[in-house]
Amino acid sequence: MHDLTWRPLTREDAQASADLLNAMETVDGIGENYTAEDTLQELIDPYADLERASLAAFDGDVMAGYMKIRFKPSAEEVHRVFLDGGVHPAYRRRGIGGALVDAGVAAAEVVHALHHPDSKLVVDVNRPDRIAGLAELVRSRGFVPVRYFQRMEHSLGTSDGSAIPDGFRVEPWSERNDEDFRAVRNEAYRDYWGAVPMPADLWRNKITNQTFRPEVSFLLREEATGAAVGMLVTMWWEADTEATGVRDAHFMVIGTLREYRRRGVAGGLMGHALRAAVDQGYDRASLNVDSADPSGAYGVFEKAGFTPTTRFVRWALEA
């Protein structure tokens, strides 16, 4: 490790970050490919403090490994921060991963003290369980598995999906109803584990960025009141299609207001989005779901024709 240069990440590291992540994908095979535009979006995240809470190791111009912390815009009793990172396959088994995890935990404590000092700090790592050596690394630092998430996929053309239920109307995303999308997401996710409301700046960074597909993103309104009661947001990564040849419509966010659940809202939105994805030339749809989701989402997605593929593990450290 002594021949490497260590420094915080900057916005100028987008291409080096993409090169590192794509090198990791060749070995880990988790289905994540990146362009420099994708990684830049992560580097300009308004809740990623690169100066205080990121670190990268360089061998010349090659990024050998990195870590960065994302803190939450709000917190009540618990402040869960995300520790993200990875090591280039050519540089593994040299202690770089351990050094980055240690630096990440220390950085999490710094940003936690700055933003939510009255809450309890928990550091989360969320990665697929198939990555060799990851479980051993995070366990050695005191992390324990606390939650499981499942990626599910649906080959398009095999099902028309559910219809919009009576008494509701669907409308596509537009700049006029963007705030309704965000409001439904925030209200619907109040009882989702670890979720906090998304402020407008985070919504723009994480949702309506260059990967957002407005033509496959829909809002559901109750006809009698005009109230927005459900929403579905679709995203597409160009780098994934270039790497695999598959156009995947990823249903990034699906939310239904609590009082409208079990009335066909989510199923109707998915059916509508699946048909739109077919019309737009997508080959597959995908989504991620919390295996212990309180709203019964796993069963809804399974009924819509989605089948499980990759499992993600949420590792947590109470700092």
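The legends below describe close-up views of a predicted model.

Local features are given only where pLDDT is at least 70 and side-chain atom pairs only at pLDDT 80 or more, whereas totals for chains, interfaces and linings use all residues. Residues are numbered from 1 along each chain as its sequence is written, and side-chain values use heavy atoms, with hydrogens and water left out.

**View A. Packing of helices H1 and H2.** Helix H1 spans residues 14–28 and helix H2 residues 36–43; helices (H or I, at least four residues) and strands (E, at least two) are DSSP runs, numbered from the N terminus. The angle between H1 and H2 is about 110°, and their axes are 8 Å apart. Axes are lines fitted to C-alpha atoms, for helices over the stretch in contact, with angles from 0 to 180 degrees between N-to-C directions. H1 and H2 are therefore roughly perpendicular (65 to 115 degrees). On the H1 side the contact (heavy atoms within 4.5 Å) is made by Ala14, Gln15, Ser17, Ala18 and Leu21, and on the H2 side by Ala36, Thr39, Leu40 and Leu43. Six of these residues are nonpolar, three polar and none charged; Ala, Val, Leu, Ile, Met, Phe, Trp, Tyr, Cys and Pro count as nonpolar, Asp, Glu, Lys and Arg as charged, and the others, Gly among them, as polar.

**View B. The largest nonpolar core around Phe143.** A nonpolar core is a set of buried Ala, Val, Leu, Ile, Met, Phe, Trp, Tyr and Cys residues joined through side-chain atoms within 4.5 Å. Buried means under 20% relative accessible area, exposed over 50%, and partly exposed in between (1.4 Å probe, protein chains only). The largest core has 77 residues, of which Phe143, Phe251 and Phe306 touch the most other members. Helix H9 (residues 265–279) gives the largest share of this core, eight residues. Beyond its neighbours within four places in sequence, Phe143 is in contact with residues including Leu83, Val101, Val105 and Trp315. Another core, of 15 residues, lies apart from it, with Leu9, Tyr34, Ala48 and Phe58 among them.

**View C. Thr256 in strand E10.** Strand E10 covers residues 248–256 and contains Thr256. Thr256 has a relative accessible area of 9% and is buried. Outside four places in sequence, Thr256 is in contact with Ala188, Val229, Gly230, Arg261, Val265 and Ala266.

View D. Most residues other than glycine have a negative phi. Arg93, in the loop between strand E4 (78–87) and helix H4 (96–115), has a phi near 65°. Arg93 is exposed, at 75% relative accessibility. Arg262, in the loop between E10 and H9, has a positive phi of about 65°. Arg262 is exposed, with a relative accessible area of 75%.

Key:
Parallel < 35°, antiparallel > 145°, perpendicular 65-115°, else oblique.
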